[in-house]
Amino acid sequence: MSTAIDTARIRRENLRWLIILTLNNARPIGAFEGPILSVAQSEYPDATPLELRRELDYLGGRQLVTVDKQPSGRWFGELTRIGVDLAEYTIPCEPGIARPAKYW
């Protein structure tokens, strides 16, 4: 059994949580990918637009985020009801997102 740390997985899961937090703070409006990427880059300075889109798409597939891929090429994200519940710790967090343990 390997004890190696999977840093790529940790990064992906942390980015997903950062996206959820960012979109929770952007409620009820939502946010374009630019400001979301800025938040991601505060934690991971080398985060790329492609990396962000990949994780937005993942969260969209889990129905935590709605992603509007606009004709202009920009992406716009907004939390779904389930995404809000996840951000507010009112539902359990399934694997794949690095939500910290509740602190209160």
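Where is P28 found? I looked and placed P28 in the loop between α1 (7-25) and β1 (31-32). Helices (H or I, at least four residues) and strands (E, at least two) are DSSP runs, numbered from the N terminus.

The model is predicted: local features need pLDDT of at least 70, side-chain atom pairs count only at pLDDT 80 or more, and totals for chains, interfaces and linings use all residues. Residues are numbered from 1 along each chain as its sequence is written, and side-chain values use heavy atoms, with hydrogens and water left out.

I then took the C-alpha to C-alpha distance from P28 to E78, which is 8.0 Å across 50 residues of sequence.

I found five bridges joining β2 to the antiparallel strand β3 (residues 75-79); strands count as paired if DSSP finds at least two bridges between them. The open sheet has three strands in the order β1-β3-β2, with antiparallel pairing. β1 and β2 (65-69) each have a single partner strand, so one side of each is left without a neighbour in the sheet.

Next I looked up I20. I20 touches L59, L64, L79, G83, L86, A87 and I97, not counting residues up to four places away in sequence; contact means heavy atoms within 4.5 Å.
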